[in-house]
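Have a look at the model first, then read on.

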Amino acid sequence: MHDHRELGRELGLFGSDPLIGAGLPYWLPDGAAVRHALEEYIRGQERAAGYRHVYSPVLGKRELYEISGHWAHYRDDMFPPMELGGGEQVVLRPSLCPHHAVLFRSQARSYRDLPLRLAELGGMFRAELSGVLAGLTRVRAIQLNDAHLFCTPEQVEEEAAGALELIGRAYAAMGIRAARYRLSLPGPGGKYAAAPEMWRRATEALVGVLERLGLPYEAEEGEAAFYGPKIDVQVRDHAGRESTLSTVQVDFHQPERFGLRYVGADGARHRPVMVHRSVVGSVERAVAQLVEVHGGAFPAWLAPVQVAVLPVAAEQEAAAREFAARCVALGLRVEVADARQGSLGARVRRARLVPYQGVIGAREAADGLVAPRLRDGRRPAPLPGPELASRIAALVGAYGVRLWDGPDAG
Ligand SMILES: [Zn+2]
């Protein structure tokens, strides 16, 4: 595995500058393309799984976090409040849950509306000490793939299981592997909301899901959120260090604090449960993991450039532009490396991380063909340009790690 910081610099994906500040990375166009592809994939998967997307601001009044419990249990990780005058204080949010709880509360809810799955790829902030900041894995400004599933107590296991299935599917598409599943329980000390019965019920629900799905897990004390236990999906980085990428959490605490209600089938008012879940965790950490696992050779759907078009000589440049335009029209990210950029061999080498190369020599141009070369060295037979473009678009749209299929898949 590779260190994502070195590779990120080398491949021009992201960087940081002391003038912007430690733990505040920026994304260059190629890195932004990877991130955008990942975010769009996640939104698509969530839409298909019945989630509704929302937006909420990255700031909130201090009172919001006093109600949620963050102010009492999590303040050390928050940025200091900003004084707006007149006694008003706002803080950069340390999580999205309080905003989503307020969104739930903004309308009358009935049991028929549940489960209500609110998702947001939103910004949040953590006042990490500068000593622990590292590339994209520990940052102060985080883009979180977050969602809150508001449901009845009976729906908790089903919702948590659905979230774990989404996580499994995303990992397969991204070509990454979970190192282990951790059941994160509270430990000693005052970090946790005190309500033993609530912790017992929430833990029971999570154990039920893990056992139902047959996932091996290890329980660990002192790793829970302050409001409830979680299932954490752990991954390993290039140095073998473990960190949490994805998570599923059961929370009886914040619904209580925000006074959330829904009208049940019996006409009475009931308290919903909040299941917090993240499929790929923070976009920063997910991209760091992708860079380290694939060494820059991303699955085709994530690659900054998906197709490199290589005319052998200047005479084939028009044909190359035409093939490139067809690929672009199908939504692919394409680059034409023409003969002015060096010998064909040099251009092939420069495009070695690009999943698909389309080579057009005199013979191909005369017949309207393009010769595909795959990143792994395979060279399927030349195809008519439009057919090759559609074939690549279909493979990219399948969100997998396979580069080719069909009779010449090898
Ligand atoms: Zn949450």
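Strand S11 (residues 230–236) and strand S12 (residues 242–251) run antiparallel and are joined by 7 bridges. Strands here are DSSP runs of E of at least two residues, helices are runs of H or I of at least four, and both are numbered from the N terminus. Two strands count as paired if DSSP finds at least two bridges between them.

This is a predicted model, where local features need pLDDT of at least 70 and side-chain atom pairs count only at pLDDT 80 or more, while totals for chains, interfaces and linings use all residues. Residue numbers start from 1 along each chain as its sequence is written.

**Around S11**
- Asp232 stands opposite Thr247 in S12.
- The hairpin of S11 and S12 has 5 residues between the strands, and Gly240 takes a positive phi near 85° there.
- Strand S9 (residues 180–185) also runs antiparallel to S11, with 5 bridges joining the two.
- Tyr181 sits opposite Val233 in S11.
- S11 is largely enclosed by the rest of the structure, because 5 of its 7 residues are buried (20 or more other C-beta atoms within 10 Å of a residue's own, with C-beta atoms placed from the backbone; 12 or fewer is exposed, in between is partly exposed).

**Helix H5**
- In H5 (residues 97–105), the buried residues include Cys97, Pro98, His99 and Phe104.
- The buried residues of H5 pack against several elements, among them strand S7 (116–125), strand S8 (141–151) and helix H8 (253–257).

**Domains**
- The domain assignment gives domain 1 (4–294) and domain 2 (307–397), with bounds from an automatic or database assignment.
- Taken over C-alpha atoms, the centres of domain 1 and domain 2 are 41 Å apart.

Notes
Contact = placed C-beta atoms within 7 Å.
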